[in-house]
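Me: I would like to go through the labels attached to this structure and ask, for each, what value stands behind it.
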Amino acid sequence: MQVSSSSWRQAVAVVAATLLGSARARAAPALPTVNLVADFGAVGDGKADDHPAFSKAEAYLNAHPAGAKLIIPRGTYLVGRQGSGGTPGVNGYYHGDDVLELTQCRNVTIEGQGKAVLKFRAGLKFGHFKGEYWTPGYGIHLRNCTGVAITNLTIEGNSDNYYLGSGPAETGANQQMEGDNDGIYVDGTRNVTLTKVNARHMGRDGIMLKFADGAYPKGAAPANLTMTDCAFEYNGRDGFSWVAGAGVRATNCRFNHQGQGTIRAGLRAGIDIEPEGGNYLWNGIFTNCQFVNNLQTGVLADANPSSAPDQARAIQFVGCTISGNFQPGRGTGPAIVAKWPSLSFSKCTVYGELRNAYNAPDDQSAVKFAACAFTDAPLNGQATTETALVQLYHAGNRMQFEQCDFTVRAYTHCFTQIDNLGNPPSQNIRFKSCRFHTAYTQPLTPNMPQVRAKATTVTFEGNCQFLSDAAPGPRRSRKASAVHLETPIYSFWPAQVAGTLSLSGGPDLRYMVDSNELTVKAGSVLTINDRNELIVYTGGSLRVEKGATLIVNAGGELTTIGGGVVHLDGTLVVKSGGFICGDWGTPIHVGPGGRLQYDPGANLRTDPLRYPDNERNCQGTPPAPVAAKGP
């Protein structure tokens with residue numbers, strides 16, 4: 001009998017698959033599986049005390065170091081044990097029994113079925129009580145384990161119903177405590193996978209990843225914590241405290257509403273990236289996650305002055321929603337603090353402020369934002385912004401924003417406020433192909449405060465634009481100079497254009513070069529468009545380099561006043577309907593290669609133009625057109 005080559009290959013494939021399956025079966029025997037209800041007597045009705053059942057399950061899992069699986073059926077399991085059953089510590093510290101404490105275990109799976117909830121009972125002590133400090137303990141405590149998977153489980157801290165003592169100093173500030181009461185406490189443990197896990201209303205954190213002091217140096221093996229479709233919300237301190245370990249992955253997770261309950265402790269952030277005990281952390285990626293409505297900060301990556309500069313690094317946020325919080329008298333904080341190297345944000349939406357960032361010595365370690373949208377708009381009815389979308393105080397060297405949008409809706413807010421005073425100064429901050437929108441939700445009036453966005457050593461690269469999303473409204477009368485001049489201002493302190501920058505942020509928006517210099521680099525173009533005015537004010541200078549072009553389009557205006565100076569080594573073109581006005585006692589300085597061109601219909605202003613801080617009239621005669629004098 002002949003066998004076709006195709007039949008022969010199929011037979012070989014079947015035999016090979018059978019042998020491979022047998023080898024895998026021998027290599028990975030099924031884990032012993034136990035059921036919390038059937039094997040350990042849990043009830044799960046939300047009334048019976050199920051803590052003893054978890055203690056039995058804990059003993060079983062710890063007795064199987066090669067691995068085991070715990071099934072938690074649908075139900076609400078009441079837990080929490082203190083007092084005679086709790087664990088006394090030193091100096092009057094009483095740590096309640098953890099619900100599940102696993103030590104040096106391997107290959108453990110904890111699987112909830114249906115809606116499985118571990119709920120801490122009401123009335124547990126939390127805080128100081130006459131010299132004793134009490135905490136309810138952890139939900140799940142993983143100590144020096146490896147290979148732990150937890151799925152489909154909710155840990156309900158129920159912290160709003162704790163019996164609260166006083167704060168750490170026994171001052172009665174019972175809302176400012178930080179005790180051991182985390183949903184999941186990952187201590188010295190590697191290769192943890194969480195899927196559809198919720199930890200909420202805990203007294204401290206939803207989840208913490210840590211190692212013993214000094215146990216996680218630079219270059220240590222990855223910790224590998226993976227979270228998918230998880231939620232860590234309404235906890236007293238942080239959604240996620242990351243204090244040591246490399247290799248964190250979170251996808252479609254929520255880190256929202258921390259500090260919004262009865263207990264408000266510590267930093268109250270969606271995530272706190274804060275290496276402790278001399279340990280390091282790095283290589284994290286958060287994809288499509290939320291860090292929203294936390295009482296203070298959405299993403300907090302703040303460096304301790306005593307920390308090594310790279311103790312935390314290389315963390316990415318992709319497609320995330322991040323918000324700040326502005327509740328005077330309750331909690332105020334930025335959306336992002338980014339003071340560790342190589343942090344990157346791409347395709348994120350940021351409601352509120354970026355406040356301070358890593359002072360990078362080079363571009364590689366700089367903080368980067370790409371294709372992100374910043375806005376001062378409220379989120380779910382909650383105010384998110386105090387002052388500016390980007391605030392940097394002696395921080396943020398070499399920061400990079402590429403293809404980002406910045407939208408300001410409130411007239412009391414501004415795009416950027418960057419302080420160039422102090423040591424070290426902020427410097428070399430780059431915006432590449434970014435757009436700056438003004439979208440004021442109420443009409444401008446002469447009595448509104450000015451909106452100033454201060455920038456220091458900023459470079460505009462690619463194609464940057466200032467735009468207006470507001471309805472234009474009636475055109476201002478040229479005689480109504482007070483109204484015209486008290487509209488918002490964008491101040492360059494100093495800056496340079498190394499691409500194209502279009503000033504279209506009106507109606508009636510003013511940009512100021514004040515006590516510093518704005519430079520249009522060779523090969524670059526700066527355009528002043530309709531109902532936008534660029535002012536070179538006292539002590540300020542506008543320098544147009546050779547090969548650069550400054551264009552004043554119809555309705556746009558270039559003004560020098562109070563001794564402001566224009567150095568023209570490139571080309572200045574005033575189009576028909578464009579305006580140029582100034583204190584012509586200080587003429588435009590045209591260099592050897594400079595060219596000054598007035599198209600027919602250009603407006604050369606000699607009438608007074610008053611500025612609120614200096615009512616000096618424009619004087620003298622505007623400079624005549626100048627052809628290039630050099631090659």
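Reply: A pocket, as the word is used here, is an open set of grid points with protein on both sides within 12 Å along at least five of seven lines, and its volume is the space filled by probe spheres set on the points. The model is a predicted one, and its second largest pocket has a volume of about 230 Å³.

Me: What makes a residue part of the lining of the second largest pocket, and which residues lie nearest its centre?
Reply: A lining residue must have an atom within 4 Å of a point. In the second largest pocket 13 residues line the space, with A303, N304, K339, Y358 and N359 nearest the centre. By class, this lining comprises nine nonpolar, three polar and one charged residues.

Me: How do you know that the buried residues of helix α3 line one face?
Reply: Helix α3 covers residues 51-62, and its buried residues are H51, A53, F54, A57, E58 and L61. Viewed down the axis of α3, these buried residues fall within an arc of 150°, so they line one face of the helix.

Me: Why is H257 called buried, while N224 is called partly exposed?
Reply: The cut-off for buried is under 20%, so H257, with a relative accessible area of 15%, is buried, whereas N224, at 33%, counts as partly exposed. H257 is found in the loop between β21 and β22, and N224 in the loop between β17 and β18.

Me: What is the phi of each of these two residues, N224 and H257?
Reply: Most residues other than glycine have a negative phi. Phi of N224, however, is near 60°, and that of H257 is near 65°, each a positive value in a residue other than glycine.

Me: What makes the aromatic pair of Y94 and W134 stacked?
Reply: The structure holds 33 aromatic pairs. In the pair of Y94 and W134 the centres are 4.5 Å apart and the planes are at 10°; because planes under 30 degrees apart count as stacked, the pair is stacked. Y94 sits in strand β6 and W134 in strand β11, 40 residues apart.

Me: Why is the pair of F436 and F466 called stacked?
Reply: The ring centres of F436 and F466 are 4.7 Å apart and the planes are at 15°, so this pair is stacked. F436 belongs to strand β41 and F466 to strand β43, 30 residues apart, and both residues are buried.

Conventions. Residues are numbered from 1 along each chain as its sequence is written. This is a predicted model: local features need pLDDT of at least 70, side-chain atom pairs count only at pLDDT 80 or more; totals for chains, interfaces and linings use all residues. Side-chain values use heavy atoms; hydrogens and water are left out. On a 1 Å grid over the protein atoms alone, a cavity is a set of points where a 1.4 Å probe fits but cannot get out, and a pocket is an open set with protein on both sides within 12 Å along at least five of seven lines; lining residues have an atom within 4 Å of a point. Ala, Val, Leu, Ile, Met, Phe, Trp, Tyr, Cys and Pro count as nonpolar, Asp, Glu, Lys and Arg as charged, and the others, Gly among them, as polar. Helices (H or I, at least four residues) and strands (E, at least two) are DSSP runs, numbered from the N terminus. The expected span of a helix is 1.5 Å times one less than its number of residues. Buried means under 20% relative accessible area, exposed over 50%, partly exposed in between (1.4 Å probe, protein chains only). The arc is that of the directions from the helix axis to the C-beta atoms. Rings of Phe, Tyr and Trp (its six-membered ring) pair if their centres lie within 6.5 Å; planes under 30 degrees apart count as stacked, over 60 as edge-to-face and the rest as tilted.
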